[in-house]
Amino acid sequence: PQLVASNDRFCRFLEEYCPVVTETYYPTIWCWEGRVQTLLRPFITSRPQVQYRNELIKTADGGQISLDWFDNNDSSYYPDASTRPTVLLLPGLTGTSKESYILHMIHQSETLGYRCVVFNNRGIAGEELLTPRTYCAANTEDLEAVIHHVHSLHPSAPFMAAGVSMGGMLLLNYLGKTGRDTPLMAAAIFSAGWNVFESVESLEKPLNWLLFNYYLTTCLQSSISRHRQMLEKLFDMDLVMKARTVREFDKQFTSVMFGYRSIDDYYEDASPCRKLKSVGIPVLCLNSVDDVFSPAHAIPVETAKQNANVALVLTSCGGHIGFLEGIWPRKCTYMDRVFKQFVQAVFEHGNKIFSM
């Protein structure tokens, strides 16, 4: 992979404590192409068993958020729950705590003795919508509430976050907004879409629309159809359900819900590349340059070089949340290994980068 970072100390820290970012990544030879990796990963990778404890928290507007906790109370490394390191996990666009990539992150964290909590976006994890509002990549209010809540429960515990795809975009937008004013020590970002305009344009190419865009749109529609009675108070749901692309869905639903004058205003606000300069804590971002959800030319390499807190790891293969490796890639992916090593590096040697 290509490691992009302007801060020599951050680079040395990664090379020493997260060496996976300097190792050659060998994609699974029979499905190395990005779209194939993206399509096959959910079907190939295993699903580790995880027992969650669910918590519903109230929001300022009267809504509720579903959190799934993996407390790891059997942790021999950190038997004291008050100081057990905590990782907040943010799934992708329609993802929940049941996604295989989230389960693998929890499995990796379990072996290190850490606690995890998964932030499920409103209305998609089985809980009811109490207000006619869901979520988007630009609005960070719910994430801020969750971070404050988790930190208030365990104020003495080291705390960091990892976001995947839209979860990574949301996390970056939060970090760009808060700068250093956050209880998070560091963050890991995987397969984020850096520029939403470029992402939707890529997804609207004929083959990509057929393989990804239409399916993703139906997933979005399915995630809100259960709440139709609540959402019909504000939206023409018949029109929303006629959308055939993510752009059409966002134009009729998401941008309207969050008060944007146009879909362009929403997409500009949702694009993390605009806020990367303001990130104030160490962030490691993994992208593959063959990811159709985040085209290579839209990855903000030059902007990243202007912020000493940011490191990009760019692979030539891997697709979107793919990064499959080995002949039969059932278990650990390259992304999982980056996650494990970086989280461990931050929690166990973080003082060496926090003096950057």
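**Stop 1: V240**

Select V240: its relative accessibility is 1%, so V240 counts as buried. Buried means under 20% relative accessible area, exposed over 50%, and partly exposed in between (1.4 Å probe, protein chains only). This is a predicted model: local features need pLDDT of at least 70, side-chain atom pairs count only at pLDDT 80 or more, and totals for chains, interfaces and linings use all residues. Residues are numbered from 1 along each chain as its sequence is written, and side-chain values use heavy atoms, with hydrogens and water left out.

V240 sits in helix α9. Helices (H or I, at least four residues) and strands (E, at least two) are DSSP runs, numbered from the N terminus. Show the contacts of V240, where contact means heavy atoms within 4.5 Å. Leaving aside residues up to four places away in sequence, V240 touches Q221, I224, F249, Q252 and F253. V240 and L324 are 84 residues apart in sequence and 35 Å apart in space, C-alpha to C-alpha.

**Stop 2: helix α10**

Select residues 246-257, helix α10. Its buried residues are V246, F249, D250, F253, T254, S255 and M257. They pack against α7 (206-225), α8 (228-231), α9 (237-240) and α11 (263-270). Step past the helix to G259. The phi of G259 is positive, near 75 degrees.

**Stop 3: helix α4**

Select residues 141-153. This is α4, with 13 residues. From first C-alpha to last it reaches 19 Å, close to the 18 Å expected at 1.5 Å a residue. The expected span is 1.5 Å times one less than the number of residues.

Which residues of α4 are buried? Color D142, L143, V146, I147, H149 and V150. They cover an arc of only 165 degrees around the axis, which puts them on the same side of α4. The arc is that of the directions from the helix axis to the C-beta atoms. Their packing partners are β2 (53-58), β3 (64-70), β4 (86-90), β5 (115-120), β6 (159-164) and α5 (166-178).

**Stop 4: strand β6**

Move to β6. Six of its six residues are buried. F159, A161 and G163 lie on one side, and M160, A162 and V164 on the other, so both faces are covered.

Next, look at its neighbors. Two strands pair if DSSP finds at least two bridges between them. β4 and β6 run parallel and are joined by five bridges. One to pick out: T86 has F159 as its bridge partner in β6. β6 also pairs in the parallel sense with β7 (residues 187-190), over four bridges. There, A161 has A187 as its partner in β7. Trace the chain from β6 through α5 to β7: this β-α-β crossover is right-handed. That term means that, with the strands pointing away from the viewer, the path from the first strand over the helix to the second runs clockwise.

**Stop 5: the β2 and β3 hairpin**

Select β2 and β3. They run antiparallel, with six bridges between them. N54 has D68 as its bridge partner in β3. Five residues lie between the strands of this hairpin, and G62 takes a positive phi near 95 degrees.

**Stop 6: H320**

Finish at H320, in the loop between β9 (310-315) and α13 (334-349). Is H320 buried or exposed? At 7% relative accessibility, it counts as buried. H320 touches G34, T38, S165, S191, D291 and F293, again not counting residues up to four places away in sequence.
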